Amino acid sequence: DDTSIAEVAEDGTVSANAVGTAVISVISAATTNYKKKTVKLTVNVVPGATTKVAVANKSNGIKVAWKAVAGATGYYIYRNNKLAKTITSGTTTSWGDTKATSNCTKYTYKVVAYADTGKSTLSKSLTPYWLTRPAISSLTNSAAGKATVKWDKNAEATGYQVQIAAASDFPDDSVRTATIRDIATVSKVIGSLKKGTTYYVRVRSFLTKDGKNYYSMWSVVKDLKITK
């Protein structure tokens, strides 16, 4: 009764066109030995699976984002195989999980689209680790052309990354990155800096699991003018 929702091919194959409900009438014509018979079948077309799901560490938890699914009226978000959030809008494509704040802890997320006709299959699962965002405790022009940055220790992480740049947006052409894999090291001396130039510094921690690095958010950026 609605070919915009579903269609039936000559061989009887039913194809879905959009999320919704359609009624298919199957009619057997009368013959010498049989009466005419009509059977109605209701087809509920559910939303497709959620795609392009991504996760990112934030200072207050983990952000889960996904691509909108055609025909969806909302989404179910599962954390560690339990329903964590029901989104009641089909156009909403992100959610911040403020309960995922255990340092260096693994969280598994899946997203399911739903409509009045039913639920989609589960999305591909994503398993990030949340890490505490470090804070820079001091940044000084410690010697001629040098700066020393110090930050809070994250005893459960694998190491840290320190970035310095001559612009606050850390452009690729000026940013320098140092990776520190000794978790007990919470300071870094940065050399070859120009006198009279203001530099911007930020730090983040990382955790290595199964050959993959998981990063915290960058610290609040601090700036320093080199006077020596």
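Is Gln-163 buried or exposed? At 11% relative accessibility, Gln-163 counts as buried. Here buried means under 20% relative accessible area, exposed means over 50%, and partly exposed lies in between, with a 1.4 Å probe and protein chains only. The model is predicted: local features need pLDDT of at least 70, side-chain atom pairs count only at pLDDT 80 or more, and totals for chains, interfaces and linings use all residues. Residues are numbered from 1 along each chain as its sequence is written, and side-chain values use heavy atoms, with hydrogens and water left out.

Gln-163 sits in strand β16, residues 159-165. Strands (E, at least two residues) and helices (H or I, at least four) are DSSP runs, numbered from the N terminus. The side chain of Gln-163 makes a polar contact of 2.9 Å with that of Thr-177. A polar contact of 2.8 Å links the Gln-163 side chain to the side chain of Arg-202. A polar contact is a pair of N or O atoms within 3.5 Å; within protein, one must be able to donate a hydrogen and the other to accept it, and residues adjacent in sequence count only if both atoms are side-chain atoms. Leaving aside neighbours within four places in sequence, Gln-163 is also in contact with residues including Phe-170, Val-175, Tyr-200 and Trp-218. Contact means heavy atoms within 4.5 Å.

Attention turns next to the sheet. Four strands form an open sheet in the order β8-β7-β11-β12, with antiparallel pairing. Its edge strands are β8 (82-87) and β12 (118-119), each pairing on one side only. Two strands pair if DSSP finds at least two bridges between them. Strand β7 (residues 74-79) runs antiparallel to strand β11 (residues 109-115), and 6 bridges join them. Within this pairing, Gly-74 has Tyr-114 of β11 as its bridge partner. In general, strands of a sheet pair through backbone hydrogen bonds, either parallel or antiparallel.

A further antiparallel pair is formed by β5 (residues 54-58) and β6 (residues 61-65), over 5 bridges. These two strands make a hairpin with 2 residues between them. Val-55 stands opposite Val-64 in β6.

The structure holds 1 salt bridge. The side chains of Arg-79 and Asp-97 form it, at 2.7 Å from N to O. Arg-79 lies in strand β7 and Asp-97 in strand β9 (residues 94-97), so the pair ties together parts that are 18 residues apart in sequence. A salt bridge is a side-chain nitrogen of Lys or Arg within 4 Å of a carboxyl oxygen of Asp or Glu. In general, side chains of opposite charge can pair when their charged atoms come close. Both Arg-79 and Asp-97 are buried. For Asp-97 the relative accessibility is 1%.

A polar contact of 2.7 Å joins its side chain to that of Tyr-109. Residues up to four places away in sequence aside, Asp-97 touches Asn-60, Gly-61, Ile-62, Arg-79 and Tyr-109. The C-alpha atoms of Asp-97 and Ile-62 are separated by 5.2 Å, although these residues are 35 residues apart along the chain.

Several loop residues were also examined. Thr-117 is found in the loop between β11 and β12. Thr-117 counts as buried, at 17% relative accessibility. A polar atom of the Thr-117 side chain lies 2.7 Å from the backbone oxygen of Val-45. Beyond residues up to four places away in sequence, Thr-117 touches Val-19, Gly-20, Thr-21, Asn-44, Val-45, Val-46 and Pro-47.

Two non-glycine residues have positive phi values. Lys-52 has a phi of about 55 degrees and is found in the loop between β4 and β5. Lys-52 is exposed, with a relative accessible area of 65%. Phi of Cys-104 is near 60 degrees. Cys-104 lies in the loop between β9 and β10 (105-106) and counts as buried at 14% relative accessibility.

Leu-41 lies in strand β4, residues 37-45. At 43% relative accessibility, Leu-41 counts as partly exposed.
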